[in-house]
Amino acid sequence: MSQNLNQVPAKKGFSKNYWTVILMEFFERGSYYGVMSVLSVYLVLSTTEGGLGFSKESVGVIKSTITPLLYFLPILSGAIADRYGYRKTLFFAFAVMSTGYFLTSQMTSYTPVFLSLIFMAVGAGFFKPIISGTIARETNESNSSLGFGIYYWSINMGAFLVPLLLIPYLKSFSWTYIFLMAGFGTGWLLLVNFFIYKEPARPKTGKSVGQVLADAVLVLKDYRFILMIIIYSGFWILYFQMFDSVLWFLKEKIDTTPVNGAINSMLSLFIDKPNWHFDAEHVTVVNALTIICLQLVISKIVNKFKALPTMIFGIGLGTMGIAMLAISSNVWVFIFGLFIFSLGEMTAHPKFISYVGLIAPPDKKALYLGYSFLYGVIGSGVGGILGATLYVSLVEKQNNGFAFWGIFVLIGIATMIGLLLFNKFLAPRKS
């Protein structure tokens, strides 16, 4: 019954509703990554420099709270949206999210900032499944691949353009303008939701939150699946350093003069006396630009290889990227390390999603794919506190960046070994 209800007539183009949610995704992700590209720097920067002066350990607690929320809430909010409506859920998401950004711009003490960021995370967590759910209902077999391809591009275009163009300009006036930008960038989407977005056709009998929690028990009983998620989460402990310790390391330990000189020399061909400099927000820019340029190429190359070995290879690339931060503080090595890490992410993660789809029971594929996001809950929950604690202990107090990054290299290696052992002894075998 639901299949007939959600069926979309085959056609080459996309509906107005499809392009509406692509617009929403671009502005929401641009706002989110714009903030996240500098949040950990702003929170620890001294008050005389325009920051809030929090300790890195306390920022680690914030990040180990809000990011897991972002990855866990879609499991519940998807069920809420199916039951009560996508538009109603989007109104809630945009209202709470934009309020969280605005309140963060106004708060200066730890607890109010923490609570404001939780508001933001709750809104973003409710927003996430609505867009992919709408796209699934507004596309069909003839255009679904292209539709989701554009969707992923819109995410990375937001993550690329906003940190590259807006963040340096806004923070030159005040760091708080970044949060005001994000509040406006998500708040105006309330109008788009009210005037343009249309409720897509969907089943009338969506799962209740209670049923979703009951499903969780079924998934948690699959010890092989949960063990694989826990092992794979090791890679995401590395990934979430890109929004915390990597930014601190860049600001405090990397001399960016060579890159600044090279870029300004090129810009001088077009403008007088350029003053561009490589800063924290450009870590996100490097990652997003790499994905924009190479994701299709990488996906085509790895398509012919088995999922689990490809995941292990991708994690190996990511670990190599982190290792480059350990062996040199040269800014060009730093950027190349970010590039290699991004290649690893592009190689490993799509294959992880594919692998979950392959090993899930035929009648529970959607359920398993939903709970596969637990890798983000575990990776960010551990990564935020671990990264901040080790950074203060090893980098700040002992000036030992090699030991700091070496620990994360060991985590990457342990993840690879864990998946190799899983593949040998526990991975499901096809008859």
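Analyst: A nonpolar core is a set of buried Ala, Val, Leu, Ile, Met, Phe, Trp, Tyr and Cys residues joined through side-chain atoms within 4.5 Å, where buried means under 20% relative accessible area. Please keep in mind that this is a predicted model.

User: How many residues has the largest nonpolar core, and which of them have the most contacts inside it?

Analyst: As background, in soluble globular proteins nonpolar side chains tend to be buried together. Here the largest nonpolar core comprises 127 residues, and those with the most contacts inside it are M24, L43, M228, I322, F334, W405 and F408. Apart from this core lies another, of eight residues, which include I291, I298, I340 and L343.

User: Which residues does F334 touch, leaving aside those up to four places away in sequence?

Analyst: With that exclusion, F334 touches V246, F249, L250, I254, F278, V283 and L325. Two of these names return at T256, which touches L250 and F278 as well as V331 when residues up to four places away in sequence are again not counted.

User: Where is T256 found, and is it buried or exposed?

Analyst: T256 sits in the loop between α12 (245–253) and α13 (257–267). Because buried means under 20% relative accessible area, T256, with a value of 13%, counts as buried.

User: How many helices and strands has the protein chain, and how compact is it for its length?

Analyst: The protein chain has 19 helices and zero strands. Its radius of gyration is 22 Å, close to the 22 Å that the globule rule gives for 431 residues, so the chain is as compact as a globular protein of that length. Along its principal axes the C-alpha trace spans about 60 × 55 × 45 Å, and 55% of the 431 residues count as buried. Among contacts between residues at least 6 apart in sequence, 83% join residues at least 24 apart.

User: What can be said of the surface and the charges?

Analyst: The accessible surface of the protein chain comes to about 19,400 Å², with 68% of it belonging to carbon and sulfur atoms. There are 31 positive and 19 negative side chains, and the centres of the two sets lie 11 Å apart.

Definitions and conventions
Residues are numbered from 1 along each chain as its sequence is written. This is a predicted model: local features need pLDDT of at least 70, side-chain atom pairs count only at pLDDT 80 or more; totals for chains, interfaces and linings use all residues. Side-chain values use heavy atoms; hydrogens and water are left out. Buried means under 20% relative accessible area, exposed over 50%, partly exposed in between (1.4 Å probe, protein chains only). Contact means heavy atoms within 4.5 Å. Helices (H or I, at least four residues) and strands (E, at least two) are DSSP runs, numbered from the N terminus. The radius of gyration is taken over C-alpha atoms; the globule rule is 2.2 Å times the number of residues to the power 0.38. Accessible areas come from the Shrake-Rupley method with a 1.4 Å probe; for residues, only the protein chains shown count as cover. Lys and Arg count as positive and Asp and Glu as negative; His and the chain ends are not counted. The place of a charge is taken as NZ of Lys, CZ of Arg, CG of Asp or CD of Glu.
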